[in-house]
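Let's walk through a protein chain together, one piece at a time. Have the picture ready and follow along.

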Amino acid sequence: MTRAGAAFLGSHSAVVGGHQCAVPRSSEPFCWCCCPCCHRCLQLCGIMVYFRLSPVSGSGLLLLCLVLGADRSYALELNLTDSANATCLYAKWQMNFTITYETTNKTYRTVNISDVSTVRDEGSTCGDDQNGPRIVIHFGSGFSWIVNFTKNAPDYLIDTISFSYNTNDHTIFPDAEHKGNITIDKRVALKIPLNDIFRCKSLLTIEKNNVTQHFWNVLVQAFVQSGTVSTKEYLCDEDKHSTTVAPIIHTTVPSPTTTPTPTEKPKVGTYSVSNGSNTCLLATMGLQLNVTQDKVSSIININPNTTGVTGSCHPQTAQLRLNSSIIKYLDFVFAVKNENRFYLKEVNVSMNLVNGSVFSIANNNLSYWDAPLGSSYMCNKEQTVSVSGTFQINTFDLRVQPFNVMEGKYSTAEECSADSDLNFLIPVAVGVALGFLIIVVFISYMIGRRKSRTGYQSV
């Protein structure tokens, strides 16, 4: 029996979501799940693990309890302990995945995987003299994600990241041409000083073989010394512009929210993306970004004259990416739905704020700017795209067509409800005015006629 396995012999207890839990005396793998919301338990073999999955907004139950909230953006938190019950690896992060695959009719579709609510820990380990620590999780139908760590004193490395998915799942990958398990291995080789915890609030992206992995709000430390997670942070390059580094454990003193100074309407710019020599995406709009960080709000107008444009076009998705001296990227990702309409599905942003900090956010579960394929979407009135509670985009004089652009020109536009309501009110107002005028004329006529009859009776 290994030292780790021996740690389970005897009586153990823990508080799970406010309930006292007893661990049975047994050398067999057991399922430790006593909180009332648990519908799935984790088998713990060899090392002691707690895995917490909680919605980003709101609190969740601790220790092996999978909690689903209204917000489907989840933070994963993993704490591995060795046979002496000392923490050897700690990680907390958010992630999602975008997969493009070929269909049986030789077109390409893109799916977004963001729901990891069914996460299972199977194989995470502290490592030994021969092998380093690793994180191994499984979620959904056939998805797995593995991170391997190695030590190279005075550093340790986030060495490789592997992501596997199964295209046999017809629900997620309908009409997939190639069936079976597909694994993407990516060597990262990110060096971190021993006894430092790696932190990256910004959006990190790994792309390989039609799979894009997004990570943000990352905290991770492997080879934890003496069972105590370090408070010394090693920042990713994207976060190094930040002038204020928040400690891992801190007390926040409430402060009033700063109201942003009203700003003028942004300039309207025209942006386009080409596929070869043909324009495949057109967008005309004024953009105003509303960012809230640490209860301080900022309003930023995008100047089209100093903004760069890139992007890509695919049969089922299209991307418009803007960048400038302060905006690393602002992505608008469009998708096709029901084979006959398009909409804005995703917005990703990473930018430098005036206080020197880096602001990053991603949301791939949006539903804005809906219009039929072969047409454009237009909204002259101000609109707000709410990406998150801390980031909104105000658009002005918007017109966009991400698919089926012909000869570099917009097709017939479908107007937004704000514009349509205005157009509808004009004839209504005219009709009401005419009706009122007719009533006034009729009343005047009746009064005049009555006076005329009264005159005849006097004679």
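**A covered strand and its partner**

Start with strand 25, residues 358–363: this strand is mostly covered, with six of its six residues buried. Here, buried means under 20% relative accessible area (1.4 Å probe, protein chains only), and strands are DSSP runs of E with at least two residues, numbered from the N terminus. Both faces are covered: Val358, Ser360 and Ala362 are buried on one side, and Phe359, Ile361 and Asn363 on the other. This is a predicted model, where local features need pLDDT of at least 70 and side-chain atom pairs count only at pLDDT 80 or more, while totals for chains, interfaces and linings use all residues. Residues are numbered from 1 along each chain as its sequence is written, and side-chain values use heavy atoms, leaving out hydrogens and water.

Which strand pairs with strand 25? Strand 24 (residues 341–352) does, in the antiparallel sense, over six bridges; two strands pair if DSSP finds at least two bridges between them. Asn352 stands opposite Val358. Five residues lie between the strands of this hairpin, where Gly356 takes a positive phi near 90°.

Now look for the cores. A nonpolar core is a set of buried Ala, Val, Leu, Ile, Met, Phe, Trp, Tyr and Cys residues joined through side-chain atoms within 4.5 Å. The largest has 43 residues, and Trp93 and Trp145 are among those with the most contacts inside it. Strand 7 (residues 87–102) gives the most to this core, with eight residues. Apart from it lies another core of 41 residues, including Ile361 and Trp369.

Finally, step back: the chain has 30 strands, and buried residues make up 43% of its 459 residues.

Notes. Buried < 20%, exposed > 50% of the residue type's maximum accessible area, 1.4 Å probe, protein only. Helix = DSSP H or I, 4+ residues; strand = E, 2+ residues; numbered from the N terminus.
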